[in-house]
Amino acid sequence: MNGNFDPMRIIQMIKQGQNPQQLMLQFLEGNMASTPFGANILQLAKENRTSEIEQIARNIRKYRRFYERIRK
């Protein structure tokens, strides 16, 4: 899978019996593995450490809200 994210293609591939988790890992490898942050997220995903990924997402959301408030 190349770096382009086409939701319809993903849906079609899932309907054809491909593993959704594997499809998303391939997408991440194509788009995020070249950065340290992306490589870390990808490694966590491969190890099925979803709670840590969720915590990272929550932290990003928290800091994004904080910076939005101080910009105003």
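Is tyrosine 67 buried, partly exposed or exposed? Tyrosine 67 is partly exposed, because its relative accessibility is 44%. Before going further, a reminder: this is a predicted model. Please keep that in mind throughout.

Let's stay with tyrosine 67 and look at its ring. The ring of phenylalanine 66 has its centre 5.3 Å from that of tyrosine 67. The two planes stand at 70 degrees. Planes over 60 degrees apart count as edge-to-face, so that is the label for phenylalanine 66 and tyrosine 67. The count of aromatic pairs comes to one. Phenylalanine 66 is partly exposed as well, at 43% relative accessible area.

Now widen the view. Phe66 and Tyr67 belong to a nonpolar patch on the surface, together with Tyr63 and Ile70. Together these residues have about 450 Å² of accessible area. Where does isoleucine 70 sit? Isoleucine 70 is in helix H4, which covers residues 50-71. Its relative accessibility is 54%. The cut-off for exposed is over 50%, so isoleucine 70 counts as exposed.

One more contact here, at tyrosine 63. The charged end of lysine 62 sits over the ring of tyrosine 63. The distance to the ring centre is 5.4 Å.

Next, charges. Side chains of opposite charge can pair when their charged atoms come close. How many salt bridges does a search of the whole structure find? The search finds four. I will take you through some of them.

Start with glutamate 54 and arginine 58. Their side chains meet in a salt bridge, 2.6 Å from N to O. Both residues lie in helix H4. They are four residues apart, about one turn of the helix. Glutamate 54 is partly exposed, at 41% relative accessibility. Arginine 58 is partly exposed too, at 48%.

Take the links in turn. Glutamate 47 bridges to arginine 49, with the closest N and O atoms 2.4 Å apart. Arginine 49 also meets glutamate 52, at 2.7 Å from N to O. How open are these residues? Glutamate 47 is partly exposed, with a relative accessible area of 38%. Arginine 49 is partly exposed at 34%. Glutamate 52 is partly exposed at 35%.

Now for the inside. Which residues form the largest nonpolar core? There are five: Leu25, Phe27, Leu28, Leu42 and Ala45. Two elements give two or more residues to this core: helix H2, residues 20-31, and helix H3, residues 36-46. The largest share, three residues, comes from H2.

Last stop, methionine 24. Methionine 24 is in helix H2. Methionine 24 is partly exposed, because its relative accessible area is 34%; buried would need under 20%. Compare its position with that of leucine 42, one of the core residues. Methionine 24 and leucine 42 are 18 residues apart in sequence. In space, their C-alpha atoms are 9.9 Å apart.

Over to you for questions.

Conventions: Residues are numbered from 1 along each chain as its sequence is written. This is a predicted model: local features need pLDDT of at least 70, side-chain atom pairs count only at pLDDT 80 or more; totals for chains, interfaces and linings use all residues. Side-chain values use heavy atoms; hydrogens and water are left out. Rings of Phe, Tyr and Trp (its six-membered ring) pair if their centres lie within 6.5 Å; planes under 30 degrees apart count as stacked, over 60 as edge-to-face and the rest as tilted. Buried means under 20% relative accessible area, exposed over 50%, partly exposed in between (1.4 Å probe, protein chains only). A charge sits over a ring if NZ of Lys or CZ of Arg is within 6 Å of the ring centre and within 35 degrees of the ring normal. Patches are made of residues with over 30% relative accessible area and no salt bridge: like charges are joined within 9 Å, nonpolar side chains (Val, Leu, Ile, Met, Phe, Trp, Tyr) within 5 Å. Accessible areas come from the Shrake-Rupley method with a 1.4 Å probe; for residues, only the protein chains shown count as cover. A nonpolar core is a set of buried Ala, Val, Leu, Ile, Met, Phe, Trp, Tyr and Cys residues joined through side-chain atoms within 4.5 Å.
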